[in-house]
Amino acid sequence: MNKGVAVTGMGIISALGNGVEANFKALIDARDGISFPEILITKHTHLPVGEVKISNFNLEKNLLIANDHSYTRAALLGIAAVKEAMKSSGLSEKELLSTGFISGSSVGGMDATEKYYLEYESSKSHHQFIPAQHPGFTTKKISDYHNIKGFTTTISTACSSGANAIMLGARLIKAGELDRVIVGGTDCLTKFTLNGFNSLKILSEEKCKAFDDSRNGLNLGEGAAYLVLEAEHLAKDKKIIGRVLGYGNANDAYHQTASSETGEGAYRAMKDALEVAGIAVEKIDYINAHGTATRNNDLSESNAIKQIYSSKIPDLSSTKAFTGHTLAAAGALEAVFSILSLQKNLIFPNLNFFNPMQESGLLPITELKHKSVNYVLSNSFGFGGNCTSLIFSKNE
Amino acid sequence: MSRAIYITGIGAISAQTEESIFSEKPVIYNSNIFQAISPNFKEYIPAMALRRMSKAIKMGLTAGKIALQDANVELPAAIITGTGEGCKQDTEKFLESMLAQEEELLTPTSFIQSTHNTVGGQIALNLKCTGYNLTYSQENASLESALIDAILLLKEKLSMNSVLVGGVDEISKKITSFGNLNGFLKQGKIDNLGLFSQRSRGTITSEGAFFFNLTTEYNENCYAKIKAVSNFNTDSSSVEISEKIIDFLSRNGLKLKDLDIFFLGKNGDLEQDKIYEELQISIFAESCQLAYKHLAGDFNTVSGFAIWLSCLILKKQEIPAILKLNTVSSTKPKNILIYNFSSNSNHSLILLQKP
């Protein structure tokens, strides 16, 4: 039988707070992390965001990083989340030398590029950030900081990057190519992404309302989250906090940014994940939906879920209203939430929901719900038609 | 049991052509940044769509389609892409508008096309391929990461018979030119063919797309067998790297003497090339040594150019003199090792074999 791949540690930093405990507390209190931009310098101060309220200066101070470095904000957030994941798994410095690292990032160090772009030619003072724009550089800064020396790579598939990183890590362990790997994603708020999504007219000026009939767009967020995955022979003497049981990746092949109305890619990703997990669809106790609160995503995702479930749809919620849409980190943040759901037997609420969508009538869970949770399905979809579904289970 | 994996179709767009290299008439460039030679994109992409596409999308989609046609595959089961710096032209366009217009009145087209997985997504869209689709962006090990995933995928799913895998990177006006500011590019008078004799810091850069159809089914059109691909990190001393290379070969049942060709990622940077040069006079002293960055420039996915050349060398059983770094000859090349690294990180090894 498929036992899945053991998760032995996790770490997170988001608008809900720094660390798993702070995030969990906010989730059970139904307290969102949505505010207006204060650390991100932008004209669009009226657009709500899920901002981590710790400045780069304070992140650097906490991580004991000296001046004159090339750490961008996504790297700093990533370092903090990896640090917690390593600690919770109890990894030693020696173990890190053979540990793999797979990180998702969509815009890497764009925060530095947009700050210094116009001065690079006239001043040398920030030239160390020139290569920092690219996602692989962000990954390298995180792995260098922690001296992680195993197989290292970066996945950049927009908003499904973090979920894909978890999938790749699980596959490499299953295939025996790696014994231990840290997987997840990081992205920070940037003017580039905020203005990009704003130009697409898919940012809401209110707190986002996933799956609500009057939903009118997403809130952008930032954060980082990582899991430690280990092969059986290493995990057997450790506390296993959950398992990556299934994964599926498919392409919608419909449009560069919009999802097809039928949710073809999403349907295929979920179906493949269930097949890899080797469980019947009815076994899923909770769906942590992608649920960005754009008109397009929530309709497409609802249709795909309804295609998978001809009869009763399991408890479902989107946690985007808590954290904002953290792009490449989203799948990783939601993996941490999925594992918390399994550990605590809780379904986290879909905030700001009032009226079901006319087309689907889907009713998400709107208040914290206690029930036995054994299997969680988590969806992450991105630009380029990229669709990824992950299935997490208890360690049983 | 692990299955053999073959390259059955190749497609490449770079600053050289198959003809320019195999007829020993390489295209000469006198600038530290030079563009890829465009094929007639209209033969592959509808004119309407073409107008909105950056060079990376045009090159990637076209090279992908050439590789599939070459392999006689209509629809691959998966598309895996590597790109070190992604869609820089669209990124730059959106970024510059945003800065110039102070975050006002922006149009989304260039933002939409700025994500790193645009090329992989556009190939899927063009082919209506709903299969597995992933994009890696690990600096100069991006294409290698994509290859590692492709090999894993073909070993996991026995039903999978075709994976399109490739690397693409483009030049953009501003971001590429930043290489003049931070020492990445050579300054002063440059001739690409003289890259290795200049003995100075920095390199030259260009752009390109290199796609390959991978399958587990052997056929007579096969170019090469992909034996293995590996990325590793090390505190690069040539001794430690030598050990890693020997270990990699032995895991694949080979000894140093079995290697016919050692394909090096030398880029003309005096400091960086020291490692390669130490390997040239030690473990690879008896092997036929080849280089390629003097022809296609140095960029994150240019190792695809070396894979493409290796495929042609194995098929034609002919080694163009313009690639040669030493006088050791190889009359019947069978085993080729491609080794690349950049700024002391992302070391990668690709082992190809005549099928």
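Q: What share of the contacts in chain B with a separation of 6 or more comes from residues 24 or more positions apart?
A: This is a predicted model, in which local features need pLDDT of at least 70, side-chain atom pairs count only at pLDDT 80 or more, and totals for chains, interfaces and linings use all residues. Residues are numbered from 1 along each chain as its sequence is written, chains are lettered from A and ligands numbered from 1 in the order written, and side-chain values use heavy atoms, without hydrogens and water. A contact means heavy atoms within 4.5 Å. For chain B, the share from residues 24 or more positions apart is 78%.

Q: How many helices and strands does chain B have?
A: Helices (H or I, at least four residues) and strands (E, at least two) are DSSP runs, numbered from the N terminus. On that basis, chain B comes to 12 helices and 10 strands.

Q: Why does chain B count as being as compact as a globular protein of its length?
A: The radius of gyration is taken over C-alpha atoms, and the globule rule is 2.2 Å times the number of residues to the power 0.38. For 355 residues the rule gives 20 Å, and chain B is as compact as a globular protein of that length because its radius of gyration is close to this, at 20 Å.

Q: What percentage of the residues of chain B is buried?
A: Buried means under 20% relative accessible area, exposed over 50%, and partly exposed in between, with a 1.4 Å probe and protein chains only. Of the 355 residues of chain B, the buried part is 65%.

Q: How many aromatic pairs are there over all chains?
A: Rings of Phe, Tyr and Trp (its six-membered ring) pair if their centres lie within 6.5 Å; planes under 30 degrees apart count as stacked, over 60 as edge-to-face and the rest as tilted. Over all chains, the count is 24.

Q: Is the pair of A:F101 and A:Y226 stacked or tilted?
A: The ring centres of A:F101 and A:Y226 are 5.6 Å apart. Their planes stand at 35 degrees, so the pair is tilted.

Q: How many residues apart in sequence are the parts that A:F101 and A:Y226 tie together?
A: A:F101 is buried at 0% relative accessibility, and A:Y226 is also buried at 0%. A:F101 lies in strand β4 (residues 100-104) of chain A and A:Y226 in strand β8 (residues 223-230) of chain A, so the separation is 125 residues.
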